[in-house]
Amino acid sequence: MQRTTAPFRADVVGSFLRPAAVKRAREQFAAGEIDAAALRRVEDEEIRHVVEQQRAAGLQVVTDGEFRRAWWHFDFFDGLQGVERYEAEQGIQFNGIQTKARGVRVTGKLGFGDHPMLEDFRFLNSISGDAVAKMTIPSPSVLHFRGGRKMIDAEVYPDLADYFDDLAQTYRDAIKAFYDAGCRYLQLDDTVWAYLCSEDQKQQIRARGDNPEELAHIYARVLNKALQGKPADLTVGLHVCRGNFRSTWISEGGYEPVAEILFGGVNVDAFFLEYDNERSGGFEPLRFIRPGHQQVVLGLITTKQGELEDAQSVKARIKEATQYVDINQICLSPQCGFASTEEGNNLSEAQQWEKLRLVVDIAKNVW
C-alpha cells in the first residue's frame, strides 16, 4: 500500500553532502571575497540541482539538503529570539573525534519572530514541483539538553518551568509560521531521546544534576504543547539520532528506556528511527507505536559509510519489524542525513544517490 501523503514509503531524513560549489562559496564568503547575495545565488543553484536529483532518484519528498547551514541545529537556533551563539571551550565529543567549538545559550526571552529559515523554505517550496517539500529543524529538547541550566540566563529565567513554557510556545509559533509559508511536512531532529537510552549519557546527565527520567517527561510535555492545534494537513515527524558527524556517533542503546513515553505519548505523526546497526537495539520497542495513522520510518540504510546494503537483508528486517507494528505503519529511509554538518560523512555523492535509489526500489518492492 503506497502512501500519497507524508511520510512516504520511501523517505529521506534531510541533509545531503555539500557540493564543491557550495563549499567554495562559503569559504569565499567567510574570507570576505563575495557578499551574502552572491553566496545565496550559489546555494539557490545547487539546491535546484539537489531537488532534481531527489526527484530523479524516485522520491516523492524533497529537501534543500540543508545547503544553507553549517550545522543541523545551531543555524536554526541562531535565528530564534533570545538565543546567541558563542565560541565554546571545546567541541561536541563524538566517538574518537570532536566538532568545532561552538555552542548556543539563552540570553533573553525566547521567541520565533521572523525567522530567516522561513524564506529558505519558501524557496524550496517554489521549486519542489509535484514533490512534497520537507523542512527540517532541530527539536525543542535539543536547545535545553546540551547546555542545561548553565546555558540559560538565570535572571531571564529564574524558574525553568517558565523557560519550558516559552520553549513550547516558540515552537508552536514556528509550526504555525512554517505552515503559513506553505509547509505541509515538518521534521524535528532530536538526538536527545537517543541519549536518554544510553547508560553512559545518562550518567553524564546525573553528574550535572539532572534526572534523565524527569527530562524525558519534560521534553514529551514540551513537544505535545508545541503540537497543540497543529493543522490536520500538516505532517510532523520526529527523527531520533544517536549522533552523526563525519561518520561517527555519540550514543548507543536500544529505544526501550524511552519507548513507552516517546512512542506511546508524543503526538507526532511519524517517528524516524535509526536501525542501521547493533547500537540501535531490536524492534521490540515498536510495540508502543500507537495503532492508526502514526508511522514509523525505519532507518535501515546507513549514511555513515558507502557500501550498499543487501536489498534482501533490508526486506527481511522490515518483515521482522512487522512482529511489533503493522506493515501499513512502516516506511523506509536512510538512518540519518548524509551531512548533519557541512563536513559531511565519509562516502561519495555517487554512493549517496545509490543509497537513496535503493530505498526507493525496496519500498516499491515491499509495498
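This passage describes a strand and its neighbours, then a pair of packed helices. The model is predicted: local features require pLDDT of at least 70, side-chain atom pairs count only at pLDDT 80 or more, and totals for chains, interfaces and linings use all residues. Residues are numbered from 1 along each chain as its sequence is written, and side-chain values use heavy atoms, with hydrogens and water left out.

Helices (H or I, at least four residues) and strands (E, at least two) are DSSP runs, numbered from the N terminus. Strand S9 spans residues 295-301. Seven of its seven residues are buried, so S9 is largely enclosed by the rest of the structure. Buried here means under 20% relative accessible area (1.4 Å probe, protein chains only).

Strands pair if DSSP finds at least two bridges between them. S8 (residues 270-274) runs parallel to S9, and five bridges join them. Phe-272 stands opposite Val-297 of S9. S10 (residues 330-334) is also parallel to S9, again with five bridges. There, Gly-299 has Ser-333 in S10 as its bridge partner. S9, helix H11 (residues 311-321) and S10 form a right-handed β-α-β unit. Right-handed means that, with the strands pointing away from the viewer, the path from the first strand over the helix to the second runs clockwise.

Helices H6 (residues 160-180) and H9 (residues 212-227) pack at about 40 degrees, with axes 7 Å apart. Axes are lines fitted to C-alpha atoms over the stretch in contact, and angles run from 0 to 180 degrees between N-to-C directions. Contacts (heavy atoms within 4.5 Å) involve Phe-164 and Tyr-171, among others, in H6 and residues including Ile-218 and Val-222 in H9.

Key. Buried means under 20% relative accessible area, exposed over 50%, partly exposed in between (1.4 Å probe, protein chains only).
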